[in-house]
Amino acid sequence: MSNFEQFHCDFYQSNYTIDDQEEGYNSYGSSENLSARRKCQRGDQPPANAFVPSEMLLPSQSYTGQILQPTYSPNTLSHLSYTDGFDEEPPLLEELGINFEHIWQKTLTVLNPMKPADGSIMNETDLTGPMVFCLALGATLLLAGKVHFGYVYGVSAIGCLAIHALLNLMSISGVSHGCVASVLGYCLLPMVILSTAAVVFSLQGILGTLLALFIIGWCSLSASKIFTSALAMEGQQLLIAYPCALLYGLFALLAVF
């Protein structure tokens, strides 16, 4: 064992030690740092006769804001001004074409046939109210024990196509499918009243017949009034009311029988 230790010492024996390496490295690094520090001092200090601007002699600005509340400069506010544009955008329902004010005005126009209709509002492809009234008609018929959802949608689609073709032949400006469907759907509201009455009592009698005729005249009068005001068809209201009465007569038959 002593021979192995002697061999180990003889094998690694050298005049160069680790302490010498660290000392040389430290001396080399200290000399470089010292020379670089001297160069920086010579470069930062201006000559004695050099001109120094007054801005460089001013003290550094201190932070005047509060903690966690940074100060805003005009440049920062200009970048944040784009957030004000969201306030000028229209509501989401209006972008989707759902305007509750127009829906309420159209409903009041249908409920009051003697009230003059606003052609600018009525000439819109608003199908929110018609869909609600169609569902209400089908629901009230369902309460009366009549499952006629398919008949309601089928008669509505065929009636809209027929009235659209007729109005395009009679009017000069023409009309779109959405406008016809919107007007006929809103004028379906009195028919919902008839189907609601069918839940309470039977309409197969004199009273039910008179009520059905009154509702048909109400729906056709409202629809013809809206079409004449929206399409500028003065003097042709009776010609438009007749096919509308035939259409709403089909819905009345669904409610009575």
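Biologist: Which residues of α8 are buried?

Modeller: This is a predicted model, and α8 covers residues 128–143. Seen down the axis of α8, its buried residues fall within an arc of 165 degrees, so they line one face of the helix. The buried residues are Gly-129, Pro-130, Phe-133, Cys-134, Leu-137, Gly-138, Thr-140 and Leu-141.

Biologist: What covers the buried residues of α8?

Modeller: Several helices take part in the cover, on both sides of α8 in the numbering. The cover includes α6 (100–111), α9, α10, α11 (189–200) and α13 (237–256).

Biologist: How many Å does α8 reach from its first C-alpha to its last?

Modeller: α8 has 16 residues, and at 1.5 Å a residue the expected value is 22 Å. The model comes close to that, with a reach of 23 Å.

Biologist: Which residue just after α8 takes a positive phi?

Modeller: Helix α8 runs over residues 128–143. Just after α8, a positive phi of about 85 degrees is taken by Gly-145.

Biologist: Is Thr-140 buried or exposed?

Modeller: Thr-140 sits in helix α8. Its relative accessible area is 12%, and the cut-off for buried is under 20%. Thr-140 is therefore buried.

Biologist: Which side chain makes a polar contact with the side chain of Thr-140?

Modeller: Leaving aside neighbours within four places in sequence, Thr-140 is in contact with Val-192, Ser-195, Thr-196 and Val-199. One of these also gives a side-chain polar contact, at 2.5 Å, and that residue is Ser-195.

Biologist: How many disulfides does the structure hold?

Modeller: Take Cys-219, whose closest cysteine sulfur is that of Cys-187, 7.0 Å away and too far for a bond. Cys-244 is in no disulfide either, as its nearest cysteine sulfur, again that of Cys-187, is 7.5 Å away. A disulfide needs two cysteine sulfur atoms within 2.5 Å. The number of disulfides in the structure is zero.

Biologist: What is the relative accessibility of Cys-244?

Modeller: Cys-244 is listed among the buried residues of α13. Cys-219 is buried too, with a relative accessible area of 0%. For Cys-244, which counts as buried, the relative accessibility is 0%.

Biologist: Which helices do the buried residues of α13 pack against?

Modeller: Helix α13 has 20 residues and reaches 27 Å from its first C-alpha to its last, close to the 28 Å expected at 1.5 Å a residue. Its buried residues include Ile-240, Pro-243, Leu-247, Tyr-248 and Phe-251. The buried residues of α13 pack against α8, α9, α10, α11 and α12 (206–231).

Biologist: Is Ser-173 buried or exposed?

Modeller: Ser-173 is in the loop between α9 (149–170) and α10 (177–186). Ala-232 is 59 residues away in sequence, and the C-alpha atoms of Ser-173 and Ala-232 are 8.7 Å apart in space. With 58% relative accessibility, against a cut-off of over 50%, Ser-173 counts as exposed.

Biologist: Which backbone nitrogen does the side chain of Ser-176 reach?

Modeller: Ser-176 is found in the loop between α9 and α10, and at 35% relative accessibility it counts as partly exposed. Not counting residues up to four places away in sequence, Ser-176 touches Thr-125 and His-164. From Ser-176 to His-164 is twelve residues in sequence and 7.3 Å in space, C-alpha to C-alpha. At 3.3 Å, the side chain of Ser-176 reaches the backbone nitrogen of Cys-179.

Biologist: Which residues does the UniProt annotation "transmembrane region" cover?

Modeller: In the model, residues 150–167 are 100% helix and 0% strand, with end C-alpha atoms 26 Å apart. Residues 206–227 are also 100% helix and 0% strand, and their end C-alpha atoms lie 32 Å apart. According to the unreviewed UniProt entry, the annotation covers residues 150–167, 179–200, 206–227 and 239–256.

Biologist: How many helices are there in the chain?

Modeller: Of the 257 residues of the chain, 31% count as buried. Among contacts between residues at least 6 apart in sequence, 69% join residues at least 24 apart. The chain has zero strands, and the number of helices is 13.

Key:
Residues are numbered from 1 along each chain as its sequence is written. This is a predicted model: local features need pLDDT of at least 70, side-chain atom pairs count only at pLDDT 80 or more; totals for chains, interfaces and linings use all residues. Side-chain values use heavy atoms; hydrogens and water are left out. UniProt positions are given in the numbering used here, feature names are shortened, and annotations may be inferred rather than shown by experiment. Helices (H or I, at least four residues) and strands (E, at least two) are DSSP runs, numbered from the N terminus. Buried means under 20% relative accessible area, exposed over 50%, partly exposed in between (1.4 Å probe, protein chains only). A polar contact is a pair of N or O atoms within 3.5 Å; within protein, one must be able to donate a hydrogen and the other to accept it, and residues adjacent in sequence count only if both atoms are side-chain atoms. Contact means heavy atoms within 4.5 Å. The expected span of a helix is 1.5 Å times one less than its number of residues. The arc is that of the directions from the helix axis to the C-beta atoms.
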